[in-house]
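Let me put the thing up on the screen, and then we'll walk through it piece by piece.

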Amino acid sequence: MALQDSSDPPEDPQPGWSVHDRDPAASTKTPDVGPYGLVLTGLQDPADPLPGPSGPKPRSPKCTGASKRRRVGDQNWFRTTSSPGPSTLPFSEVYEVGEEIGEGGFGTVYEGILKCTREQVAIKMITKRDLDNQYILIPGCPEPLFAEVALNLLLNQPPVSPYIVHMLDWFEEKDRYILILEHPQPCKDLQRFVISNILRMNESMASDLIYQAVLGAKHCFDRGVFHRDIKLNNFLINTTTNQVKLIDFGCGDLIKSSYFGDFKGACRPPEYYIALKYEAGPTTVWSLGIMMCRMLCRRQPFDNLEEMMHGMLTFNSRISKECQDLINRCLTCDPTKRATIEEILQHEWFQRGRMSRVLQESGSVP
């Protein structure tokens, strides 16, 4: 589920800018403090007298530790396995809920405001019905947690990634879970961005966006998380900075040796159709390959299952040989021969795109 308008074009269920240096280790670097404010616990100063008949009048929650200037983008205050939550505060006292900005099979997302600072967040509400099997046990937590919460806690373990939309806090109510998420502004999902910039989308531009997407996927693997639903409209792009962030872990799971049976995400790899069996790494790479093809070739790579099974890829002559090679390596039918995430990050196409952009910025290329 993307944070997008309900009128946005749907993601098909089947088949230039420099933001950071091209460093495969960038997914482990600490990002800059973000623009939003958040207090995870203790919104009221313990020294404040409680309101009562003879005490002060009730007032809006106060942000304790204001002198420490806690910020939503400050990863030191993210919920992690060392402070897993949920928040003990009443949700309605802390946040205001705004307009709906996204809806899917795993919940509804709204604009939100942190009352004590009037700063923006995204609020994801998930009803508890049909969640009997969606609880997992993670290291550091004494009992199983709702899966999407647990995966977000793992992703929040420092150092955090600038290529992930992180969970800031969460609440549990009788009938629902409520996740408080970062809300980059201004932003749109990557599918809408690509469509609106279709005439400007060259390989240099695309390589910057895709590289960030791969770093987001790599951070998931570094934390033991399988997203399982990598696609264009599960990435947000800040339209001012062009920074790309992965969202929505509703289809996710812990990384295991393999998976059998039902597939929750959008891009099923060929091995799933052969044996109903798939693995996290090759499936993620397959999904990234589908995403690259949709962004650069402006279409799905395969018209039918037969083409997928035989790896029958065709490219327009305007697509560079390096880009074709990377897409082919990601969409290799045999998962044991598919590229790894590390191999994607080291591929020459990204270096070619970087050099092309440097030449353009220097004026050497018209």
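Strands (E, at least two residues) and helices (H or I, at least four) are DSSP runs, numbered from the N terminus. And the housekeeping: this is a predicted model, where local features need pLDDT of at least 70 and side-chain atom pairs count only at pLDDT 80 or more, while totals for chains, interfaces and linings use all residues. Residues are numbered from 1 along each chain as its sequence is written, and side-chain values use heavy atoms, with hydrogens and water left out.

Zoom in on S3 (residues 119-127) and S7 (residues 176-181): six bridges, antiparallel. Across that pairing, Lys124 stands opposite Leu179.

How many residues of H2 are buried? Nine of its nine, with buried meaning under 20% relative accessible area, exposed over 50%, and partly exposed in between (1.4 Å probe, protein chains only). Even Glu148 and Asn152 are on that buried list.

Most residues other than glycine have a negative phi, and most peptide bonds are trans. Here, though, Pro158 and Pro159 are joined by a cis bond with omega about -5°, and Pro159 is in the loop between H2 and S6. Gln185 to Pro186 is cis as well, omega near -10°. On the phi side, Arg228 is near 75°, and with 7% relative accessibility Arg228 counts as buried. Asn242 has a phi of about 60° and is buried too, at 10%.

What about packing? A nonpolar core is a set of buried Ala, Val, Leu, Ile, Met, Phe, Trp, Tyr and Cys residues joined through side-chain atoms within 4.5 Å. The largest has 75 residues, and Leu190, Ile210, Met295 and Ile344 touch the most other members. Helix H4, residues 203-222, gives the most to this core, with 10 residues. Apart from that core lies another, of 13 residues, including Phe91 and Tyr95.

Last stop, aromatics. Rings of Phe, Tyr and Trp (its six-membered ring) pair if their centres lie within 6.5 Å; planes under 30 degrees apart are stacked, over 60 edge-to-face, and the rest tilted. The whole structure has 17 aromatic pairs. For Tyr272 and Tyr273, the centres are 5.7 Å apart and the planes at 80°, so that pair is edge-to-face. Tyr272 is buried at 11%, whereas Tyr273 is partly exposed at 32%. Both belong to a cluster linked by ring pairs, along with Phe226, Tyr259, Phe263 and Tyr278.

Note on methods
Pairing = 2+ DSSP bridges.
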